[in-house]
Amino acid sequence: MNLHSQASDAARSAEPASISDAVLVEAARRGDMRAFERLYRLHSGKVLGLCLRMTRQREIAEDCVQQTFVRAWRNLAAFEGRSAFGTWLHRIAVNEVLTNARNRGTRTEGSPLPARDDDEDAFDNIGDGTAAADSAEVMDMEKALASLPTGSRHVVVLQAVYGYSHEEVAEMLGIAVGTCKAQLHRGRKLLRERLGLPELES
Amino acid sequence: MNQSRDPLDTLLAELPRQLEPSRDLWPEIKAQIAADTQQARTPLHAQRWFQLAAAVVLVVASSVITFFVLQHSMQQQVADARREMSQQMQPVLPTMPVRFDGHEGLGKSYEEARAQLDAEYAKRIQNLPPIVRAKVERDIADVRRSAREISATLAQYPSDPLLQDLLVSTYQREIQLLSEVNSMAASTAAGTDL
């Protein structure tokens, strides 16, 4: 665990955990930057996890995280609380990732792996310092996930890792629900092959 | 076979959902937000003094407007309604927490101003269109729920400066909302009755 993560953990542990997102959002709407910073501290790790697994490149993922929170601040008035604040953030983050990919012209289906340097940089430090997160199995899974084609990877990350439904994933990615299901099936099949797991009968 | 026993799902479930950035991203986010804020009409970094002053101005302005607009056409009605509503509303005025570290001084004057505004609000809200009224009532309920939650959390972390400020700003927000409703309803009444 690096120094920054230790400091963040210490800061996080000192923060009251029981104050709800709704209260912090309401205060942030009124311009309270410290409330918004607390929202950032509470949610940035999960947003980064999502962005990094979608982009496979740490620098781009961190740019997306920054833009996600800047955009969230600008649009706080539009957040109606119908979904959880974290879910709303994830929608913004996914949009940032897709926009970033379009701008960079890198949204190409079928590239099996990112450039080796990016891959190594992104996933060597992906663990959170716990034994479970740093285990060989987790690292193998991260690398297998990173090796998936873009479309399948996005769907697997959002659905199988972050637990969103087909409908939610389809809406986030701007694809049909049927496409989402097909990409998930394809992604899971490839993951099994690359991890040497047996194919299961449905 | 049960889906939860699929080894692939087991491996996926072991992935950490949260990851640490290589550096603290907050300073850059804050800088971008600050740049946005400079372009905004109203600075979002308004200080507490400004907020307190704004709340006082709102209370005074609301009272003056209400007095002059309504005295010609609704004086008798208001007097009757005030007597009636003060009897009905005072017992059910939701209790807002007013005592916490370093801010005890707000208590008495705040409660007096709030009780007065709330009594006016209870009458004025009747004059608003149903859609506006529903939104206002939801906003007031949200603010009061926030105050209760912050107060409860503050009881566990009494020295947390953010929670203290949140509670103060929540009080101010409630007063601001009540004042806005009173002014809005007075304008509506003036437009229809005068």
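1. Aromatic cluster. In this predicted model, ring pairs link A:Phe36, A:Tyr40, A:Phe69, A:Trp73 and B:Trp26 into a cluster. Rings of Phe, Tyr and Trp (its six-membered ring) pair if their centres lie within 6.5 Å; planes under 30 degrees apart are stacked, over 60 edge-to-face, the rest tilted. Over all chains, the whole structure holds eight aromatic pairs.

2. The pair between chains. A:Phe36 and B:Trp26 have ring centres 6.1 Å apart and planes at 50 degrees, so the pair is tilted. A:Phe36 sits in helix α3 (residues 33-55) of chain A and B:Trp26 in helix α2 (residues 26-39) of chain B, so two chains are joined. Helices are DSSP runs (H or I, at least four residues), numbered from the N terminus. A:Phe36 is buried at 0% relative accessible area, and B:Trp26 is buried at 4%. Buried means under 20% (1.4 Å probe, protein chains only).

3. The pair within chain A. The ring centres of A:Tyr40 and A:Phe69 are 5.1 Å apart, with planes at 80 degrees, so this pair is edge-to-face. A:Tyr40 is in α3 and A:Phe69 in helix α4 (residues 58-74) of chain A, so the pair ties together parts 29 residues apart in sequence. A:Tyr40 is buried at 1%; A:Phe69 is buried at 0%.

4. Conventions. Residues are numbered from 1 along each chain as its sequence is written, and chains are lettered from A and ligands numbered from 1 in the order written. Local features need pLDDT of at least 70 and side-chain atom pairs 80 or more, while totals for chains, interfaces and linings use all residues; side-chain values use heavy atoms, leaving out hydrogens and water.

Definitions and conventions. Buried < 20%, exposed > 50% of the residue type's maximum accessible area, 1.4 Å probe, protein only.
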